[in-house]
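Dear colleague,

Please find below the structure that I am handing over to you, with its sequence. My notes on what was found in it follow directly after.

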Amino acid sequence: MNFNQWIRQVHRWLSIVFTVGVAINIVAVVRDDFANRIGLLAGIPLALLLLSGLYLFVLPYATTWRSGQQP
């Protein structure tokens, strides 16, 4: 498994973790039991999703730039 495939797999799993974190946040808000640490359950995966998503977004442009081809 090369690095790009690894990043894609991590990005997929982070999306699952983020979805679970959002669900936990919704349950906490409905129960009026919200705390800042519960908000981090969705915030930390969201930040990691941003980084991995930006990498995956730039990847096709970087490969064409490195190969010297015109887009």
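Of the 71 residues of the protein, 18% count as buried, where buried means under 20% relative accessible area, exposed over 50%, and partly exposed in between (1.4 Å probe, protein chains only). This is a predicted model, in which local features need pLDDT of at least 70 and side-chain atom pairs count only at pLDDT 80 or more, while totals for chains, interfaces and linings use all residues. Residues are numbered from 1 along each chain as its sequence is written, and side-chain values use heavy atoms, with hydrogens and water left out.

The protein has 2 helices and 0 strands; helices (H or I, at least four residues) and strands (E, at least two) are DSSP runs, numbered from the N terminus. Its radius of gyration is 17 Å, well over the 11 Å that the globule rule gives for 71 residues, so the protein is more spread out than a compact globule. That radius is taken over C-alpha atoms, and the globule rule is 2.2 Å times the number of residues to the power 0.38. Along the principal axes, the C-alpha trace spans about 55 × 25 × 15 Å. Among contacts (heavy atoms within 4.5 Å) between residues at least 6 apart in sequence, 68% join residues at least 24 apart.

Helix α2 comes next. With 32 residues at 1.5 Å a residue, α2 should span 46 Å, and its end C-alpha atoms are 46 Å apart, which agrees; the expected span is 1.5 Å times one less than the number of residues. α2 bends by about 40° at Leu59, and a proline, Pro60, follows within four residues. The bend at a residue is the angle between axes fitted to the seven residues ending there and the seven starting there. After α2 comes Gly68, with a positive phi near 85°. The buried residues of α2 are Ile38, Ala42, Pro45, Leu49, Ser52, Leu56 and Leu59, and what covers them includes α1.

Ser52 deserves a separate note. At 8% relative accessibility, Ser52 counts as buried. Leaving aside residues up to four places away in sequence, Ser52 touches Ile7, His11 and Leu14. The side chains of Ser52 and His11 are joined by a polar contact of 2.6 Å; such a contact is a pair of N or O atoms within 3.5 Å, where within protein one must be able to donate a hydrogen and the other to accept it, and residues adjacent in sequence count only if both atoms are side-chain atoms.

Which aromatic rings form a cluster? Ring pairs link Phe3, Trp6 and Tyr55, and the structure holds 3 aromatic pairs. The rings of Phe3 and Trp6 have centres 6.0 Å apart and planes at 25°, so the pair is stacked. Rings of Phe, Tyr and Trp (its six-membered ring) pair if their centres lie within 6.5 Å; planes under 30 degrees apart count as stacked, over 60 as edge-to-face and the rest as tilted. Phe3 and Trp6 are 3 residues apart in helix α1 (residues 3-30), which separates them by about one helical turn. Trp6 is partly exposed, with a relative accessible area of 45%. The rings of Phe3 and Tyr55 have centres 5.7 Å apart and planes at 80°, so this pair is edge-to-face. Phe3 lies in helix α1 and Tyr55 in helix α2 (residues 36-67), so the pair ties together parts that are 52 residues apart in sequence.

With kind regards
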